[in-house]
Amino acid sequence: MSVSFSKVLKKWLFSIDRVLLFSAFSLIAIGTWVSVASTPALAMKLGLPPFHFVKLHLMVVPVSIFVMLFISFLQPKYIRRLAIIGYFVCFGLVLCTLIFGAEIKGARRWLNIFGFSLQPSEFLKPVMAVITAWLVSEQYRDRGFPGIIFSIISIILVTPLLLSQPDIGMSVIITGTFFAQLFISGLSIFMIGAFVATALSAMFGLYLVYPHFSDRIDRFFMKTEDTDIYQIQKSIEAFRSGGFFGKGPGEGVVKTFVPDSHSDFVFSVIGEEYGFIICILIIFLFALFITRAISKIMRSSNMFSFTTVFGILFQITLQVLINICTSLNLIPTKGMTLPFISYGGSSMLATAISFGIVMSLTKKNLLSREIL
C-alpha cells in the first residue's frame, strides 16, 4: 500500500503546477498572518479572549490545506461525482438556513453545527461551476443531451433560495459565472443577449424589492452630507494612514472602528498596518494564480476541464475585485470576503475546494490527453 501511495505521490508531484501551488500556499500564509492583526479587536468587542478567532482560524487552515491537496489528486470524473453530491447537500443546507439559520444583520445565511458556524452558500460557488461545465460539455459531446436546459434548471432552483436569505452578492457571483461559462462554451450571441437582458431586468427588480440593496446603490451615487458612509470613510482613511510601508503589525486603528474589518474590509486593515507593498503583493499572488491557470488550461482540448477552470477563475476574480474595490470606494458597498485572506471558515474551505479543482484540472497528465 505504501508503494502504491508513493507512486501516486510521485506522479502528483510531477504533474502538479508548482506556481499554482506556491501562490495558493502564499495566500494562505498571508491570510493567517493577517488574522492575527484583524481579529483580536472583534474578539474583545464580543468579550472574548483576544486570540479567540486566531485559534479558530488556525484550526481551519490545516483542514483547508488537506481539502485543497486532496482534491488536487482527483481525476475529473471524481470531481464531477463530488459536485453532484455537493449540489444536493448544499441545496438542502441552504434550505435549512431559511428555517433554522441564525439571523445576523437581517440575513439567514449561517447554520450552527456542533458549535461551528457554517455558510452553505459559499460551497455552491465551486459546485455550480463544476455542474454547469459538466452539463454544457455533455451537450457539446452529445448534441441530443439537453445539458444547457438542465444547467438552467439547476441555477433556477438555487437562486431563489439565495435571494430569500437574502444573499444578493452570492446570487450575482453564481449567476454571473453561469452566464460566463455559457458564453465561453460557444453559446449563440442571441441566447447570451437574452440571458444578459434577463439578468439586468432581475437586477432592477432587486433594486426595487430589497431596500438594503437599493440603499447601498443610492449611497454610492448620491454622496450628500447626511449620507452614512462611515465604513468607507474609515477604510479610505486607513489606506492613507498606512502609506507605502504601513504603520506596523497591530498598530492600525481602523479595525477598532469599522464593522467587518476582519472579513469584508480586511484589505483596509492590510493597507493600514502593512502598507501599499503588501497590498500589491496580495494582488500579484491572485493575478499569478489566475494568469498561470489560464495559460495552462488554454492547452487543454477537454471541454469540461476548460469550462470548469474558466468558471472558477471567473468567480475568484470577481470576488477579489468586489472586495478590493469596495474597500477603495470604487463600487457600492458589498459584503464579500477576500479569498484565503479574510477570516471565515466557510469561505476558506470553499476557496480551498476551488483552488484544488483548478490545480487538479491543470495537471500535466490531464492536459496531455483527452479525458471524458
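User: Into how many nonpolar, polar and charged residues does the lining of the second largest pocket divide?

Analyst: The model is predicted, so local features need pLDDT of at least 70 and side-chain atom pairs count only at pLDDT 80 or more, while totals for chains, interfaces and linings use all residues. Numbering runs from 1 along each chain as its sequence is written, and side-chain values use heavy atoms, without hydrogens and water. Nonpolar covers Ala, Val, Leu, Ile, Met, Phe, Trp, Tyr, Cys and Pro, charged covers Asp, Glu, Lys and Arg, and polar covers the others, Gly among them. On that basis, the lining holds 19 nonpolar, one polar and no charged residues.

User: How much space lies in the second largest pocket, and which residues are closest to its centre?

Analyst: On a 1 Å grid over the protein atoms alone, a pocket is an open set of points with protein on both sides within 12 Å along at least five of seven lines, a cavity is a set where a 1.4 Å probe fits but cannot get out, and lining residues have an atom within 4 Å of a point. The space, about 380 Å³, is counted as that filled by probe spheres set on points joined across faces, edges and corners. Of the 20 lining residues, the closest to the centre are Ile71, Leu82, Gly86, Val127 and Ile353.

User: Which helix supplies the largest share of the lining of the second largest pocket?

Analyst: Helices are DSSP runs (H or I, at least four residues) numbered from the N terminus. At least two lining residues come from each of α4 (52–73), α5 (76–100), α6 (121–141) and α15 (345–361). The largest share, eight residues, comes from α5.

User: At what angle do the axes of α5 and α6 cross?

Analyst: Axes are lines fitted to C-alpha atoms over the stretch in contact, with angles from 0 to 180 degrees between N-to-C directions. Angles under 35 degrees count as roughly parallel, over 145 as roughly antiparallel, 65 to 115 as roughly perpendicular and the rest as oblique, and α5 and α6 are therefore oblique to each other. Their axes come within 9 Å and cross at roughly 135°.

User: Which helix gives the most to the lining of the largest cavity?

Analyst: The structure holds one cavity of 30 Å³ or more, and about 80 Å³ of space lies in the largest cavity. Its lining divides into four nonpolar, four polar and one charged residue. The most, four residues, comes from α14.
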